[in-house]
Amino acid sequence: MKQQSLKTKWMMLTTTITFIIFALFSMFIIYFISLYLKDQETGTATRSAQDTVNLLQSKTLGQITSTDINATITDNQKMILFDKFGKPMFEETHNDNLKYTPEFKRVKSVEIYEMHVDNKSYLVVYSPINTSYFNGYEAIVHPLDSYDAIIKFMIILASIFGLTALFLIAIISYIFSSQITKPITILSDKMKQIRRDGFQEKLEVPTNYEETDDMIQTFNNMMEQLEVSFDQQKQFVEDASHELRTPLQIIQGHLNLIQRWGKNNPEVLEESLDISIEEMERITKLVEELLLLSKDSRTSASDDNDIVDINYEIQSRIKSLRKLHPDYSFAFKSNYDAIRMNINRFHFEQMLLIFMDNAMKYDKKNKNIEIQTNLKNRTITIDIIDHGMGIPKKDLEFIFDRFYRVDKSRSRKEGGNGLGLSIAKKLVNSYDGIVKVDSVVDEYTKISVIFKDTFINK
């Protein structure tokens with residue numbers, strides 16, 4: 001079964017509903033106009049019958065002339081006079097085309113009948129006559145030609161107007177439905193283009209309709225999210241391919257070395273195995289970090305959050321680091337004893353350790369790390385300060401790029417993959433926080449993590 005387009009269905013539906021409403025309204029108007037006109041015709045026939053009765057009460061039959069009778073009836077009516085036995089005595093009319101003569105009916109009061117003869121309609125008014133001059137009955141025949149002509153004209157006029165209106169409504173509805181379905185058609189074409197060519201520019205087709213504009217906006221948002229996901233996937237593949245190449249080559253080289261000489265040489269075997277294990281650990285860590293960077297930030301932020309005392313967490317990390325690195329000194333300062341915020345505890349620990357580890361990694365000389373927290377105007381600021389090599393101004397804007405290193409010579413011997421700061425910044429951003437960096441070469445580097453409207457002061 002062939003499907004109809006939404007545009008056609010909308011046109012048919014609106015046209016049908018509008019036509020039905022118009023037809024019902026026209027029938028309603030014609031019906032009440034017909035009642036009014038019929039009442040007017042009945043009144044005219046009744047008045048003629050009454051005038052004839054009054055005439056017979058004032059004069060004898062011998063005194064009544066045709067002129068008198070014609071004065072009591074209209075030009076198109078006929079008057080028939082019956083005696084008391086129902087025998088027609090005479091009839092009078094101005095209308096020579098009026099051939100219809102009704103049958104006699106014995107009535108006790110005025111009675112009105114509607115007759116249909118030879119596709120014509122008549123009102124017949126029967127009245128009893130009991131006067132000192134005459135006893136009998138009369139019948140007034142009132143043709144409804146004028147009434148029927150008016151009703152037929154109204155029906156024809158309503159039909160012509162209805163068909164014209166139907167045609168106009170169909171055109172208007174088609175144009176209107178075309179405007180409504182235009183964004184849908186464009187969306188469909190855009191999806192086909194995306195399937196064919198990939199992500200392109202945004203869809204910008206303002207329709208001035210709230211629903212369709214919202215649909216277009218939703219589509220653009222969806223495309224942005226898909227593009228971000230696509231870019232993340234592409235970036236992950238590119239980064240993984242780039243970074244995994246070297247450790248895999250190293251592992252392959254040592255496996256080949258073992259195959260050639262290491263089977264019978266314990267020193268070569270042990271050295272190659274140690275290096276291969278070290279590179280495998282590096283690969284494992286690299287993949288974990290890449291997967292974390294590829295994870296949607298909204299998913300990260302939607303994990304279970306806790307009410308975390310960041311001062312307590314920082315001091316706990318400092319206590320652990322002092323045992324691991326006794327040659328480093330750590331100083332902590334805060335303007336509040338406790339600063340609480342709603343954040344995932346693991347995420348906070350992870351970003352804190354990344355920033356502190358980075359500070360320690362590039363402060364090998366003074367080995368003095370300062371951590372400061374501040375709560376002011378509903379804003380939490382965490383400063384991590386080292387007094388090491390510093391960052392040149394030309395590198396400041398790139399330090400959060402994945403795999404970017406300020407000192408290229410320290411790339412592998414420091415044990416990192418160049419992804420830590422990227423991960424930390426992503427975690428901060430997932431909670432609507434921002435990271436600022438201030439540094440002077442050979443003096444200090446200060447990383448400030450700022451969260452607005454996220455603390456719980458309890």
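Trainee: What strand is the place of Glu-114?

Mentor: Glu-114 sits in strand β3, residues 111-117. Strands (E, at least two residues) and helices (H or I, at least four) are DSSP runs, numbered from the N terminus. Keep in mind that this is a predicted model, where local features need pLDDT of at least 70, side-chain atom pairs count only at pLDDT 80 or more, and totals for chains, interfaces and linings use all residues. Residues are numbered from 1 along each chain as its sequence is written, and side-chain values use heavy atoms, with hydrogens and water left out.

Trainee: Why does Glu-114 count as partly exposed?

Mentor: Buried means under 20% relative accessible area, exposed means over 50%, and partly exposed is in between (1.4 Å probe, protein chains only). Glu-114 has 37% relative accessibility, so it counts as partly exposed.

Trainee: What makes the pair Glu-114 and Lys-38 a polar contact?

Mentor: The term needs a pair of N or O atoms within 3.5 Å; within protein, one must be able to donate a hydrogen and the other to accept it, and residues adjacent in sequence count only if both atoms are side-chain atoms. The side chains of Glu-114 and Lys-38 are joined at 3.1 Å.

Trainee: Why is Thr-373 called buried?

Mentor: Its relative accessible area is 3%, so Thr-373 is buried. Thr-373 belongs to strand β9, and its side chain makes a polar contact of 2.6 Å with the side chain of Ser-334. Contact in general means heavy atoms within 4.5 Å, and the residues that Thr-373 touches include Ile-310, Ile-314 and Ile-382.

Trainee: What makes a set of residues a nonpolar core?

Mentor: The residues must be buried Ala, Val, Leu, Ile, Met, Phe, Trp, Tyr or Cys, joined through side-chain atoms within 4.5 Å. The largest one here has 38 residues, and Phe-355, Ile-382 and Phe-451 have the most contacts inside it. Elements giving two or more residues to this core include α7 (310-324), α8 (345-361) and β10 (379-386). Helix α8 gives the largest share, eight residues.

Trainee: How do you know that the span of α7 is close to the expected one?

Mentor: The expected span is 1.5 Å times one less than the number of residues. Helix α7 has 15 residues and reaches 21 Å from its first C-alpha to its last, close to the 21 Å expected. Among its buried residues are Ile-310, Ile-314 and Leu-321, and the elements covering the buried residues of α7 include β8, α8 and β9.

Technical notes. Lists of a residue's contacts leave out its neighbours within four places in sequence.
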